[in-house]
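User: I would like to learn how to read the features of a model like this one, one at a time. Could you give me the general idea for each and then show me the case here?

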Amino acid sequence: MAFCFLLNQLLDRERWARARLASFAGEALELRLAFLPPLRVQVGAEGRVEPGGPQPGALITLSGVIGSGPFADELRYLARHLRPDVEEELSRLLGDVAAQRIGDGMRAIARWQRDAAVRAGEALADYVVDERRMLVRRAELAQLAADIGRLGNALAALEQRIARLD
């Protein structure tokens, strides 16, 4: 699997990261990106990654690492501190021009996925607010609360006037 190969190449160069992962041998994670099938890998001996594995202890999405426990915490730490130069890694295998083009394509796919996720969220919000009227916009709710407050004040004033008439 190409993903494991590239990640292992990076881990071979960043020995500190591989050493940190080694204590989690046998743990699995799943990479979930929108519109792509999930990819499950596990930490093998010496901190290298291998395809497959048991039930994942953490999920990695575009929004970050999902999960709790020491393994998920370690993945969050590595995500913050391990900054691979993907194009440099690819240029060693394929050459500079091919690596540049693949890098451009990967960035375009990431932008497309983020944009698609944002648009899908906006469309869902518009549907439940405007079409189905299942939710109310914050401004409409604030206006309703103000109207109810004015109605309560008017009702209290009316009750006082009725009490004076008696």
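**Exposure and charge pairs**

Analyst: Asp73 has a relative accessibility of 45% and therefore counts as partly exposed (buried means under 20% relative accessible area, exposed over 50%, and partly exposed in between, with a 1.4 Å probe and protein chains only). Before we go on, please keep in mind that this is a predicted model, in which local features need pLDDT of at least 70 and side-chain atom pairs count only at pLDDT 80 or more, whereas totals for chains, interfaces and linings use all residues. Residues are numbered from 1 along each chain as its sequence is written, and side-chain values use heavy atoms, with hydrogens and water left out.

User: With which side chain does Asp73 meet in a salt bridge?

Analyst: Side chains of opposite charge can pair when their charged atoms come close. The rule applied here asks for a side-chain nitrogen of Lys or Arg within 4 Å of a carboxyl oxygen of Asp or Glu. Asp73 meets Arg76 in such a bridge, at 2.9 Å from N to O. The two are three residues apart in helix H3, so about one helical turn separates them (helices, H or I of at least four residues, and strands, E of at least two, are DSSP runs numbered from the N terminus). Arg76, at 25% relative accessibility, is partly exposed.

User: How many salt bridges does the rule give, and which residue does Glu74 pair with?

Analyst: The count comes to 14 salt bridges. Glu74 pairs with Arg20, and their closest N and O atoms are 2.4 Å apart. This pair links distant parts of the chain, with Glu74 in helix H3 and Arg20 in helix H2 (residues 15–22), 54 residues apart.

User: Which residue forms a salt bridge with Arg137, and which residues are linked in a network?

Analyst: Arg137 bridges to Asp130, the closest N and O atoms being 2.9 Å apart; Arg137 is partly exposed at 36%, and Asp130 is partly exposed at 38%. The network joins Asp12, Arg18 and Arg48 through salt bridges. Asp12 lies in helix H1 and is partly exposed, with a relative accessible area of 25%. Asp12 and Arg48 are 36 residues apart in sequence, and their C-alpha atoms are 8.3 Å apart in space.

User: What is the volume of the largest pocket, and which element gives the most to its lining?

Analyst: On a 1 Å grid over the protein atoms alone, a cavity is a set of points where a 1.4 Å probe fits but cannot get out, while a pocket is an open set with protein on both sides within 12 Å along at least five of seven lines, and lining residues have an atom within 4 Å of a point. Grid points are joined across faces, edges and corners, and the volume is the space filled by probe spheres set on the points. The largest pocket has a volume of about 1,600 Å³. Its lining has 38 residues, of which Phe3, Leu31, Pro84, Val86 and Met106 lie nearest the centre. H5 gives the most to the lining, with eight residues. The lining residues divide into 29 nonpolar, four polar and five charged (Ala, Val, Leu, Ile, Met, Phe, Trp, Tyr, Cys and Pro count as nonpolar, Asp, Glu, Lys and Arg as charged, and the others, Gly among them, as polar).

User: Where is Glu46 found?

Analyst: Glu46 is in the loop between E2 and strand E3 (49–51), where it has a positive phi of about 65 degrees although it is not a glycine. Glu46 is exposed at 58%. Arg133, likewise not a glycine, has a positive phi of about 55 degrees, and Arg133 lies in the loop between H5 and H6.
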